[in-house]
Amino acid sequence: MEQHNDKAYTDTNTYSIYLGSSREQHKFIVAQSQVVLRLGRILMKSGASAYRIKASMARVAKAVGLDEHHAQVTFTEIATTAYGNGNFRTEVAEQRTMGINSHKIDLLGNFISELPERITPQEANAELERIDSMPHLYKRWMLALASAVACAGFAFLNRGGLIECSAVFIAAGLGQFLRSTLMKRGVSHMAIWMACGFLSAGAYIGLINLLTGLQLIGSEHMVGFISSILFLVPGFPMVTGMLDISRMDLLAGMSRLMYVTVLLVSASFAVWVLASLFHLPLAQNARPDIPAGLYLLLQVVSSGVAAAGFAMLFAASPVACVWGGVIAAVANPARIWLVEAGWTSHMAATLAVFAVGIMAELVAPLHGRQYSRISLSVPAVVTMVPGVPFYLAMSHMSSGDLYAAMGGFAQSFLTFLALGLGLAFVRLLFDKNWLIDHDTQVLKKLNMNQHMR
């Protein structure tokens, strides 16, 4: 017969469950477990990383009086086991709302960071209810305008002129309005990205063909059509997915990056079809013939408005949107200058993203860390995502030009890695929670004074 160490056996969390428990004890651990799980689900549907979800749940678990809390987090599911007073409760929840809400991530970060030593489950649930029930910061028309401005800025950064930027402005605005409408109705994201890709790219092609048919412009302006769908690049989950992997949260990271891949391929399908039907040119514009100083100034402005527009799409607060634009206005033109000076795109991106992370670390304390580093940095990072090279590579593949396609994929892949590594390096330098890998499940050793912002 197997022998047990008596002391080790009686110290296990589940031993006293055999002695029975009162109805009040059962109700209490149910309330404790449910409020912790609710926090995780709100963070999950707001687009938070797995580490933030697990660490935040652990902090609330300790505050509401649990002895131990275990959690397994993927991209759409949470499984938790809560231990308290000799009882335990296991719950599994699925969260099918896959969106981004930086403002709620920041509000929840403030709530977690300011938790008292003890709080009742009812008090915690009341605050979570207040945050969860808050309406979206921006109306659909505001998001459509933000997308239009952001993609017009990208069009200029991709060497587009006034005509390309104007056509992209209209096409991207239409696409984002459709995306907001379909997402509100719960349509599959794969279908949404395909539909919006067809609408935006098709609207751009239709506008240019109309102006060409009226002999108002020449046919060389068709090359800007890919900029019209750049609002469909899932930059936020891409960055958080790579941060998950850097924290060894592989289940969440890999599933999140698979979601990103599905969305990119879905949007690319529209590019394949339209590029094949209309024989669109798959090339980049020449640099505009304008003075160097003015060109740099326009790059600064375009980078700033593109990042601020994406921050609005991520539902960041207005102040965070402004700071995201300022950070991008500094870092992205510097990245472009490095590439034009002969640096490889991924090395330039690594340095630029590292600078973005440093600036976010400097800005966050100015506002008492009410705005998380992720809210301040990701919009600026998204301006560096190689959306055009990726979509061009997919188009080359559909046309059978495998050599050009592989080159584009390699460039995109290295740049994607550079973006994640740059932010991870900054976290390792400035965040002890990243440098020292503590187990969030051991609540007795959890430092409640370290902020989650």
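Visitor: What makes the three strands an open sheet, and in what order do they stand?

Guide: This is a predicted model. The strand order is β1-β2-β3, with antiparallel pairing. β1 (68-73) and β3 (87-94) are the edge strands, as each pairs on one side only. On average, neighbouring strands are turned by 10° against each other, direction ignored.

Visitor: How do you know that β1 and β2 pair?

Guide: Pairing takes at least two bridges. Six bridges join β1 to β2 (residues 77-84), so the two strands count as paired. They run antiparallel. In this pair, alanine 71 stands opposite threonine 80 of β2.

Visitor: Which helix lies across these two strands?

Guide: Helix α3, residues 50-63, lies across β1 and β2. Its direction is at about 160° to β1.

Visitor: Which residues of the largest nonpolar core touch the most other members?

Guide: Phe225, Tyr391 and Leu419 do, in a core of 124 residues. Helix α10 (residues 250-278) gives the largest share, nine residues.

Visitor: What does tyrosine 391 contact beyond its neighbours within four places in sequence?

Guide: Contact needs heavy atoms within 4.5 Å. Among the partners of tyrosine 391 are Ile226, Leu230, Val233, Leu264, Ser268 and Val271.

Visitor: Where does pLDDT stay under 50?

Guide: Over residues 1-19. The model has 14 contacts beyond four places in sequence for that stretch. The protein averages a pLDDT of 83, and 89% of the residues score at least 70.

Note on methods. Residues numbered from 1 in each chain as written. Predicted model: local features only at pLDDT ≥ 70, side-chain atom pairs only at ≥ 80, totals over all residues. Heavy atoms only, no water. pLDDT = per-residue confidence, 0-100. Helix = DSSP H or I, 4+ residues; strand = E, 2+ residues; numbered from the N terminus. Axes fitted to C-alpha atoms, helices over the stretch in contact; angles between N-to-C directions. Core = buried A, V, L, I, M, F, W, Y, C linked by side-chain atoms within 4.5 Å. Buried < 20%, exposed > 50% of the residue type's maximum accessible area, 1.4 Å probe, protein only.
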